[in-house]
Amino acid sequence: MAVALGEKRRLRLYNATNARFLLLKFDNASMTVIGTDGGLIEAPVAVDQLLLTPAERVELIVSFDKPGPAKLTMLEYERGWMGPGKPNEAGMILLTANVSEEAVAAMPRLPAKLRSIESLGNPVVTRRFVLTESMGGIDHGSTSMQGMDHSNMSMSSDSMEMKFLINGASFDMNRIDEVSKVGQVELWEVVNAADMDHPFHVHGTQFQVVEHEKDGKVTMPSYRAWKDTVNIVAGETVRIMLRQDLPGPRMYHCHILEHEQLGMMGTVDVQA
Ligand SMILES: [Cu+2]
């Protein structure tokens, strides 16, 4: 990509990988987030780096204020990889922009306000989803596997029968796990009691992240956004608010495709 010095470009990034966690940094350029999975956020937010987990999207304004190559680069992120074959991704370059010495004519300023995002109000229902992993018939909650050597394990090995569960259950197409109602505001508490991060994805709507809780410490997101995928770090609880406006069955699942295939998925039936 060739750009002029001082130019700004609007980039939409979509993590369409099955399992890679993209911790991104733009060397020699600056990033400003203007949108997430569900469109624009309320005001631009400058960031040094950003984590894009499978299925997450972000919309950026990138400012190229230094001449020479500007590189979108992956940084090391530990999501709790198990088994062999972990790719060495740190330092991988996803995009290079060649920034000219010649400056562009003045660029328009970003608007201070992009849109309003209303709060969903008070929830009338609270649901709790606990994510766990089970290996070879043994259930593993958090910390139980620490110190074990995972080097000989393979998720695809029949003998190990690795399973990924929500509330102790593996996905069943013929089972309804939750029953909801159109227009009902709900608080979902997603607890990651497993040893790996799991990007949690909900179909049919966009949600707002209320807070993250880990080791008793609660943090709120730094800005309000519409999302349909949020990473739940190992050992973390994330609370989200949502409302479904159309009737029908909707899936929710981990968006690491291997985990979803091995059971970490459920169905909420939204009734009219
Ligand atoms: Cu997962």
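Reader: Okay, which residue in β20 does Phe200 stand opposite?
Author: Phe200 stands opposite Cys254 in β20. Keep in mind that this is a predicted model.

Reader: And how do β15 and β20 run, and how many bridges join them?
Author: They run antiparallel, and 3 bridges join β15 (residues 198-202) to β20 (residues 248-254). One more partner to look for is His253 in β20, which is the bridge partner of His201.

Reader: What holds paired strands together in general?
Author: Strands of a sheet pair through backbone hydrogen bonds, either parallel or antiparallel.

Reader: What about β18, how does β15 pair with that one?
Author: β15 and β18 pair in the antiparallel sense, over 4 bridges. His198 stands opposite Ile232 there.

Reader: So what's the strand order in the whole sheet?
Author: The order is β13-β21-β20-β15-β18, an open sheet of 5 strands with mixed pairing. β13 (178-181) and β18 (229-232) each have a single partner strand, so they stand at the edges with one side left without a neighbour in the sheet. On average, neighbouring strands of this sheet are turned by 25° against each other, direction ignored.

Reader: Back to β15. Is that strand enclosed or open, and why?
Author: Largely enclosed by the rest of the structure, because 5 of the 5 residues of β15 are buried.

Reader: Which residues of β15 point which way?
Author: His198, Phe200 and Val202 point one way, while Pro199 and His201 point the other way.

Reader: New topic: which residues are the protein donors of the copper ion?
Author: Those are His198 through ND1, Cys254 through SG and His259 through ND1, lying 1.9 to 2.1 Å from the copper ion. Along the chain the donors follow the spacing H-x55-C-x4-H.

Reader: Where in the chain are Phe21 and Tyr77?
Author: Phe21 is in the loop between β2 (8-14) and β3 (22-27), and Tyr77 is in the loop between β8 (68-75) and β9 (93-103). That puts them 56 residues apart. Phe21 is buried, with a relative accessible area of 4%, whereas Tyr77 counts as partly exposed at 23% relative accessibility.

Reader: What about Phe200, what kind of aromatic pair does it form with Phe129?
Author: A tilted one, 6.1 Å centre to centre with 40° between the planes. Phe129 lies in strand β10 (residues 125-135) and Phe200 in strand β15, so the pair ties together parts that are 71 residues apart in sequence. Phe129 is buried at a relative accessible area of 0%, and Phe200 counts as buried at 1% relative accessibility.

Reader: Which aromatic cluster includes Phe200?
Author: Phe129, Trp188, Phe200 and Tyr252 form one aromatic cluster.

Reader: Last one: what sits over the ring of Tyr14?
Author: The charged end of Arg57, 6.0 Å from the centre of the ring.

Key:
Residues are numbered from 1 along each chain as its sequence is written. This is a predicted model: local features need pLDDT of at least 70, side-chain atom pairs count only at pLDDT 80 or more; totals for chains, interfaces and linings use all residues. Side-chain values use heavy atoms; hydrogens and water are left out. Two strands pair if DSSP finds at least two bridges between them. Helices (H or I, at least four residues) and strands (E, at least two) are DSSP runs, numbered from the N terminus. Axes are lines fitted to C-alpha atoms, for helices over the stretch in contact, and angles run from 0 to 180 degrees between N-to-C directions. Buried means under 20% relative accessible area, exposed over 50%, partly exposed in between (1.4 Å probe, protein chains only). Rings of Phe, Tyr and Trp (its six-membered ring) pair if their centres lie within 6.5 Å; planes under 30 degrees apart count as stacked, over 60 as edge-to-face and the rest as tilted. A charge sits over a ring if NZ of Lys or CZ of Arg is within 6 Å of the ring centre and within 35 degrees of the ring normal. Donors are N, O and S atoms within 2.8 Å of the metal (3.2 Å for Na, K and Ca); water is not among the atoms, so sites may look incomplete.
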